[in-house]
Amino acid sequence: MYCITRRVAYPRYASAQKTATPKPRRAGLLLRFALALCLLPVSVPPSIAEGVAVRVCFDYACAHEAQARFDAATLQSVARVVSSARDAQEERSRIAHAVAELYVAAGRQTPIWRDRGGNRNDDTDVAGAMDCIDHATNTTEFLRVMAHADMLRYHRVGAPARRVRFFVAEHWSASVIESATGDAYAVDSWFFDLGTPAVVMPLQAWRDGAAPVPLQVKLP
């Protein structure tokens, strides 16, 4: 499945498929990364107590943005989910659940609660629908929140990844890189309804067009 049937420049990363260095399109996008960079490690109590503000984008290709705030309770919940992983494979499953939890929290504060899986089921007459560019942007932001709060032990955040078919169909996804092996994984939240765990699969399989499978693993 591909969410774009025409070539679109990714709004936050210039040529993200060629380089891992982010290149913001405008000052407002740079601010979003600055907010994430200012996070304190999760091991320091004030980092949880103070919460964090992020910008989420929606209405396709990040046409509009709104602020959401993850409060102490939300960050503590996400930290419990992610930080208890015993290995890299388990951490990827927990990342999928944590991303879903952050989307639900953001959806309580912004119009993205209206988003549905894929593009076909979206109601584009009202604000809040998200295409894969919106999802890749927001999920990368959420992963950076986790990383800069030291929740991720086995992975680092990668640049958004792109796959192309027949030069006209495109799809974007957030990604993580396993620290020990360097293996990259897509973290794709676009396929299913808001609040469903993200699809996490080897990035090469994702680029080859592997079909998404809902995560069936339940956390202990």
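**View 1. His135 is buried, with a relative accessible area of 2%.** Buried stands for under 20% relative accessible area, exposed for over 50%, and partly exposed for what lies in between, using a 1.4 Å probe and protein chains only. The model is predicted: local features need pLDDT of at least 70, side-chain atom pairs count only at pLDDT 80 or more, and totals for chains, interfaces and linings use all residues. Residues are numbered from 1 along each chain as its sequence is written, and side-chain values use heavy atoms, with hydrogens and water left out. His135 sits in helix H5. Helices (H or I, at least four residues) and strands (E, at least two) are DSSP runs, numbered from the N terminus.

**View 2. The side chain of His135 has polar partners.** A polar contact is a pair of N or O atoms within 3.5 Å; within protein, one must be able to donate a hydrogen and the other to accept it, and residues adjacent in sequence count only if both atoms are side-chain atoms. Another, of 2.8 Å, links the side chain of His135 to the side chain of Ser189. Contact in general means heavy atoms within 4.5 Å. Setting aside neighbours within four places in sequence, His135 touches Tyr103, Asp115, Met130, Thr140, Ser189 and Trp190.

**View 3. Helix H5 covers residues 132-148.** The helix has 17 residues. From first C-alpha to last, H5 reaches 24 Å, close to the 24 Å expected at 1.5 Å a residue. That expected span is 1.5 Å times one less than the number of residues. H5 is mostly covered, with 15 of its 17 residues buried. At the start of H5, a side-chain oxygen of Asp131 comes to within 3.1 Å of the backbone nitrogen of Ile133. Just after H5, Asp150 has a positive phi of about 60 degrees.

**View 4. Strands S1 and S2 form a hairpin.** S1 spans residues 52-58, and S2 spans residues 64-70. The two strands run antiparallel and are joined by seven bridges. Strands pair if DSSP finds at least two bridges between them. Phe58 has His64, in S2, as its bridge partner. Five residues lie between the strands. In that turn, Asp59 has a positive phi of about 65 degrees. S1 is mostly covered: six of its seven residues are buried.

**View 5. Ala53 in S1 and Val145 are shown together.** Ala53 lies in strand S1. Its relative accessibility is 12%, so Ala53 counts as buried. Val145 is 92 residues away from Ala53 along the chain. The C-alpha atoms of Ala53 and Val145 are 9.7 Å apart.

**View 6. Arg55 and Glu65 meet in a salt bridge.** A salt bridge is a side-chain nitrogen of Lys or Arg within 4 Å of a carboxyl oxygen of Asp or Glu. Here the N to O distance is 4.0 Å. Arg55 belongs to strand S1 and Glu65 to strand S2, so the pair ties together parts that are 10 residues apart in sequence. Arg55 is partly exposed, with a relative accessible area of 23%. Glu65 is also partly exposed, at 23% relative accessibility.

**View 7. Arg86, Glu90 and Arg94 are linked in a network of salt bridges.** The closest N and O atoms of Arg86 and Glu90 are 2.9 Å apart. Glu90 and Arg94 meet at 2.8 Å, N to O. Both of these, Glu90 and Arg94, lie in helix H4 (residues 88-107). They are four residues apart, about one turn of the helix. Arg86 is exposed, at 65% relative accessibility. Glu90 is buried, with a relative accessible area of 14%, and Arg94 is buried too. The salt-bridge count comes to five.

**View 8. The whole protein sets these close-ups in context.** The protein has six helices and six strands. From the N terminus on, the elements run α-α-β-β-α-α-α-β-β-β-β-α. Of its 220 residues, 50% are buried. Among contacts with a separation of 6 or more, 60% come from residues 24 or more positions apart. The protein exposes about 10200 Å², and carbon and sulfur atoms supply 54% of it. Accessible areas come from the Shrake-Rupley method with a 1.4 Å probe; for residues, only the protein chains shown count as cover.
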